[in-house]
Amino acid sequence: MLEAGKDLGEVWWWNNYPGARVDTCWPFYDFSDPDLWQDWTWEERFPGRDELCRYFEHVEKKWDVKKDIKFDHFVTKARFDPTHDKWTVYSDKGYTAKAQYLLLCTGFAAKPFVPKLTGLETFGGISYHTAHWPKEGLDVRGKKVGVIGTGASGVQTIQEIAPHVQQLSVFQRTANHTLPMRQEAYTDQTKQQQQEKPKKDYPAILKLAKTTFAGWDYDQLTKTAAEDTPEERRALWESNWTLGGFRPWLNNYKDLLTNPEVNRVMYDFWRDKVRERLVGLDPELIENLAPLEPQDPFGSKRPSLEQNYYELYHQPNDCKSQEESNCRSDADRSEDGIRGGNRSRYSRLGHRLRHSHRQSDSDRHPRHQRRESQ
Ligand SMILES: Cc1cc2nc3c(=O)[nH]c(=O)nc-3n(C[C@H](O)[C@H](O)[C@H](O)COP(=O)(O)OP(=O)(O)OC[C@H]3O[C@@H](n4cnc5c(N)ncnc54)[C@H](O)[C@@H]3O)c2cc1C
């Protein structure tokens, strides 16, 4: 096996950005081999990247796979020889392998995408793609940070770094229809209590998961929204909201994604739930985070799970107007900032999170690195 990453984990080896974690709770992200789950217990309901890496070490102990993997080898070419029915595979390190069968398990989300933002190439600050975060970490304390994108990795990064940075600007194209994660951290006691029983049911749960749309233990309902009264609909949506995860999206009526009227009522439910947590904020910011009118149908893009995402926007913002003007002038200087040419596609949330914690120069060890090659 040839692997471009330097250790086990695949997507989890690459994605070590702050807050990286699954949006799929256990046991659905576990390997189904009993040898692997029988003596493994998770620390969190939605494990983070570090725990996932420990899990992969556990897999290594059981499966002894590393001996068969050449890490840090990026496959650049593969040729099929019809005379001998053999593939020859070439890596960027000069390694060549011959094989009768070639399996390309290269992942559907393994290639980072960097949007063409005017000025990014000449940006003088530190910039990283979340999938190419420095392995030694990046100290963001006391820094002015801009996060571009509010998909899953954007939301997770924001949640993790917002309490530590001096100032945070969030740039988003459209609002993320985030859903409550309902994360749980287990103590030694609850770990045993909560994971012991499901373990007995693992074979049945994992078997069931193979039959559902998303591979979990629940599915779309078999009825349409019209088959329930408004009160019953509300009760279902409230219950799904309380249970959290992707239930509000995928444990919903079967016409949620095909009937625009049903979708709109669900959107309003989501919007109002989010807006409850935004009370007191700048109206423009509220509108950006949970628009009155949907920018796209609810659930037509994969929602992300959040823990305290909206609460973070309540953090003090005591110099907004000054920073607004700084931002405008930065945007016009290609050495210092990203030009404003893409603003029609990305709108800044119109709010900055600001913190009093400042880091002294001697504390800072940033790896001044421009964009890594993608
Ligand atoms: C941050 C993040 C969180 C995610 N969370 C979830 C989740 O909660 N639930 C879920 O179901 N999915 C999640 N996903 C989707 C995730 O892609 C899949 O869960 C899973 O990792 C896909 O496994 P894979 O083996 O197909 O691909 P990957 O894990 O992407 O592995 C592909 C591997 O191929 C290697 N590779 C690619 N090209 C080459 C080459 N030319 N030569 C050598 N090696 C190469 C890459 O280095 C990579 O290690 C998440 C993705 C990301 C980025």
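In the protein, 69% of the contacts between residues at least 6 apart in sequence join residues at least 24 apart. The structure is a predicted model. Its secondary structure comprises ten helices and eight strands. Of the 374 residues in the protein, 25% are buried.

Confidence was examined along the chain. The average pLDDT of the protein is 86, and 84% of the residues score at least 70. Over residues 317–345 the pLDDT falls below 50, and this stretch has 35 contacts in the model beyond near neighbours in sequence. The pLDDT is also below 50 over residues 354–374, a stretch with 32 such contacts beyond near neighbours in sequence. Where pLDDT is low, predicted coordinates should not be read in detail.

Helix α8 was considered on its own. This helix covers residues 260–276. At 1.5 Å a residue, its 17 residues should span 24 Å, and the C-alpha atoms at its ends are 24 Å apart, which agrees with that expectation. The buried residues in α8 are V262, N263, M266, Y267, W270, R271 and V274. An α-helix has 3.6 residues a turn, so residues three or four places apart point the same way. The elements that cover the buried residues of α8 include α6 (230–243) and α9 (283–289).

The ligand has 20 residues around it, of which E10, V11, V22, V75 and G107 come nearest. By residue type, the shell around the ligand consists of eleven nonpolar, six polar and three charged residues.

Methods: Residues are numbered from 1 along each chain as its sequence is written. This is a predicted model: local features need pLDDT of at least 70, side-chain atom pairs count only at pLDDT 80 or more; totals for chains, interfaces and linings use all residues. Helices (H or I, at least four residues) and strands (E, at least two) are DSSP runs, numbered from the N terminus. The expected span of a helix is 1.5 Å times one less than its number of residues. A residue is buried if 20 or more other C-beta atoms lie within 10 Å of its own, exposed if 12 or fewer, and partly exposed in between; C-beta atoms are placed from the backbone. Two residues are in contact if their C-beta atoms, placed from the backbone, lie within 7 Å. pLDDT is the predictor's confidence in each residue, from 0 to 100. A residue is near a molecule or strand if its C-beta atom, placed from the backbone, lies within 6 Å of it. Ala, Val, Leu, Ile, Met, Phe, Trp, Tyr, Cys and Pro count as nonpolar, Asp, Glu, Lys and Arg as charged, and the others, Gly among them, as polar.
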